[in-house]
Amino acid sequence: MSILNEMSEALQKGKKKEVEELVTKAVGEGFTPKQILEEGLLAGMNIIGTRFKANEVYVPEVLVAARAMNAGIALLKPLLVSSGVQPLGTIILGTVEGDLHDIGKNLVKIMMEGKGINVVDLGVDVPADRFIEAAKEHDAKIICASSLLTTTMMKMKEIVDKARAENLSVKIMVGGAPVNEEFAKSIGADMYKDDAASAADYAVTCFQ
Amino acid sequence: MREPCFDNLLKVLRKQVPDRPTLFEFALNDNLVEILAGERFTHGSHEDQPEIFIKAFKKAGFDYASLRGSAFRLDWGEQGAKHSKSLNEKSLIYDTASFEKYTWANPEDYDYSRLERARQFLPDGMKLIVIGPGGVLENVIELTGFDNLCYMLADEPELVEAIFNNVGERLVKYYEICASFDTVGALVSNDDWGFNTGTMLSPADMRKYVFPWHKKIVEVIHKAGKPAILHSCGNLKEVMDDIIYDMGYDAKHSFEDKIFPVEKAYDELAGKIAVLGGIDMDFVARGTPEEIKKRCMAMLEKGMEKGGYALGTGNSVPDFIPVQNFLAIISCAGVDIKL
């Protein structure tokens, strides 16, 4: 098995230390940072995303795999920067104002980063204006807004309305427990996805 | 006003056809309880005033009133004041040292006399239904934080097991004490297990850490000759057989349209386990009274054919549910009241 396959497998099992050792070893063996990132770390995370979508692994396994991925990326970061490797693009992510739920949002972040996308995570309880400002500041192509409450989901409409009012060239993707496709259409959002892995798959298509 | 008759709900919980349409809610918000009862809570501990709950539930046509058995609850640390909270808000237990430092409340140390005191206020035929101070998984998540729990499952499974054991044995004791009161007709074990897409932990970990304690909770409730109701939100399709055949719950409560609409759930589960409530919360919050009545009437009709169904919302009646929409639901069971 190649060292990059080993890395992918260790990542899928959430073995952080092993991933760190394999990244260091791969660098020593002359693999480029881009190869290590894409064929080792992101490849492993992609498999986790696909298995999560198929209910073959669950949130704890995803979180532990992401921890291993982030440990590997932290080691690679200086090399990625110096070799000019760029993320696919940038998205803005947050849970809408009045809502403090963050598990789903964090999963979207993991899946997006697992696709090589830069995520600006605004956290929870985020006012609509903050999404818009961040999209402008980071030249983001997508705003991803999450809501878990019937009482807060209408805040998503505020984000859509403000983005349209400012003619922002940004797609707005929504998700969360009470949200569905019909609701997304009714507020003029561009996309609804019901799981984090599908959200990341869609985001990739926006950057191609 | 119709008179309460707990035998109706008992028939539902035994998967039989009740004598008349029967209602079930996990909880009503305090403001609605006060409106229905026509009186206000007079002191801080609302559940020490069972008479107000009893009046409110009776007025709304229920055959029971629900409340907690005592003030017992594990210390979750400081709670935020907002409506919404993160499952990662804090972590009181994150390693062996913090586990050893944590002070565990014991259910035996609390006063359950409200369950006896309620007797003087309960009309003939009406019983109490006791709900829990959060469930096995919920309490563990409150103590550890969700992300931390996930990491500990990978890094320190023995510590995770010890935390579940400490929580589980206390909840079993709580239910054992509550079930011993003859004012109590049934008990709800409330423990949210799922996200939209699946269980919060893998089914294998649910079976290892969570379900054995639920099996014990059901055992102590059944030992007292009472039905055990599971209130659990989220996508539980993969563990439904565990709920019915392994844990042995008599009824399942909490359904969401996005996951398992109650009509479909009833088609699949009728005859295996009683189905309670299920009219989706978002639908009840945003629908018109007419839309709600139409759906409730259709669901009641379905449920009165095969039995094992009581009408209610998919979860509970929080304060964002318009009162008119709640009244629309109960009107379908023949309870017409003006507030």
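Relative accessible area sorts residues into buried (under 20%), exposed (over 50%) and partly exposed (in between), with a 1.4 Å probe and protein chains only. The model is predicted: local features need pLDDT of at least 70, side-chain atom pairs count only at pLDDT 80 or more, and totals for chains, interfaces and linings use all residues. Residues are numbered from 1 along each chain as its sequence is written, chains are lettered from A and ligands numbered from 1 in the order in which they are written, and side-chain values use heavy atoms, without hydrogens and water.

**Exercise 1.** Determine which parts of chain A the pair A:Glu97 and A:Lys155 ties together.

Solution. 
- Step 1. A salt bridge is a side-chain nitrogen of Lys or Arg within 4 Å of a carboxyl oxygen of Asp or Glu.
- Step 2. A:Glu97 is in the loop between strand E1 (90-95) and helix H5 (103-113), and A:Lys155 is in helix H7 (residues 155-165), so the pair ties together parts 58 residues apart in sequence. Helices (H or I, at least four residues) and strands (E, at least two) are DSSP runs, numbered from the N terminus.
- Step 3. A:Lys155 has 27% relative accessibility and is therefore partly exposed; A:Glu97, at 30%, is also partly exposed.

**Exercise 2.** Locate the partners of the salt bridge between A:Arg67 and B:Asp155.

Solution. 
- Step 1. The closest N and O atoms of A:Arg67 and B:Asp155 are 2.9 Å apart.
- Step 2. A:Arg67 belongs to helix H4 (residues 59-82) of chain A and B:Asp155 to helix H7 (residues 146-155) of chain B, so this pair joins two chains.
- Step 3. A:Arg67 is partly exposed at 22%, and B:Asp155 is partly exposed at 45%.
- Step 4. Over all chains, a search of the whole structure finds 32 salt bridges.
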